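We will walk from stop to stop, selecting as we go.

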Amino acid sequence: FDEYDIPEEFTYVSMIESGFDYNAESSTGAIGLWQFMPSTGEIFDLRIDEWVDERKDPYKSTIAAAKYFSSLKRKFGTWELVLAGYNSGDLTVKRAIEKYKSKDFWYLSQHTFPKQTKEFVPQILAVIVISKDLNKYGFGDLKLNDSIDTEKVMVPPRTRLDYIAGLVDIDIKLLRKLNPSILKGVTPPDKYYSIKVPKGYKEKIYAKSKINTDNKNLYRY
């Protein structure tokens, strides 16, 4: 977010969108922390196919969200309208601005915008206010779960996660959890792909094997 000049507090957009659940899926097909639809995800460089769905990748999807926020800021100028555009789409905000000759979200929300968008922007702003003083608003006893430090390993096409797990004795459930965007337990067949492993395992993986994937063709039945 710093790199794209996005306020750090925009993290809470993900909280409202998905509850910080990278596997969250809406009834309309939006997926991941930032609830990208396939078309929007692909616009912002997320790979979505039968092998991977990078909308589920916390790191890559957050970069995509930052790019999207940055694009909306260039178009609309105010952070409130950025949030409105993220929720309802660029065209909805563009048409509202043109029709009512205003870039004031609060004015526009009295005359236009879907109900969901009218509620979405105040929800984000309210969570930001609460986050700055958790004790004041009754959330002082919240505790963060322990995080897992990770590092990236570039692996050849068709590398199976269970192979990597067995190679250096990583719990396969943990490895799958760290790589939710890999849909079939195997990396794509067309190119080298980056996977995440717990910190301290990268050199062990490179040292222990050439990551032999036996180069067998994969067929779809």
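**Stop 1: the start of a helix**

Select Asp-57 and Tyr-59: Asp-57 caps the N-terminal end of H3, with a side-chain oxygen 2.9 Å from the backbone nitrogen of Tyr-59. Such a polar contact is a pair of N or O atoms within 3.5 Å; within protein, one must be able to donate a hydrogen and the other to accept it, and residues adjacent in sequence count only if both atoms are side-chain atoms. What you are viewing is a predicted model, in which local features need pLDDT of at least 70 and side-chain atom pairs pLDDT 80 or more, while totals for chains, interfaces and linings use all residues. Residues are numbered from 1 along each chain as its sequence is written, and side-chain values use heavy atoms, leaving out hydrogens and water.

**Stop 2: along H3**

Now select helix H3 (58-76). Helices here are DSSP runs (H or I, at least four residues) and strands are too (E, at least two), numbered from the N terminus.

Colour the buried residues (under 20% relative accessible area, with exposed over 50% and partly exposed in between, using a 1.4 Å probe on protein chains only). In H3 they include Ser-61, Tyr-68, Phe-69 and Phe-76. Their cover includes H1, H2, H4 and H5.

**Stop 3**

Go back to Asp-53, in the loop between H2 and H3. Is Asp-53 buried or exposed? Asp-53 is buried, with a relative accessible area of 7%. Beyond neighbours within four places in sequence, Asp-53 is in contact (heavy atoms within 4.5 Å) with Ile-31, Arg-47, Ile-48, Ser-181 and Leu-183.

**Stop 4**

On a 1 Å grid over the protein atoms alone, a cavity is a set of points where a 1.4 Å probe fits but cannot get out; a pocket is an open set with protein on both sides within 12 Å along at least five of seven lines, and lining residues have an atom within 4 Å of a point.

The largest pocket has a volume of about 950 Å³. Select Phe-20, Tyr-22, Leu-33, Pro-58 and Ser-147, the closest to its centre of the 20 lining residues. H3 gives the most to this lining, with three residues.

Finish at the largest cavity, about 30 Å³. Asp-57, from our first stop, is one of its lining residues, and strand E2 (residues 193-198) gives the most, with four residues.

Terms used: Points joined across faces, edges and corners; volume = space filled by probe spheres on them.
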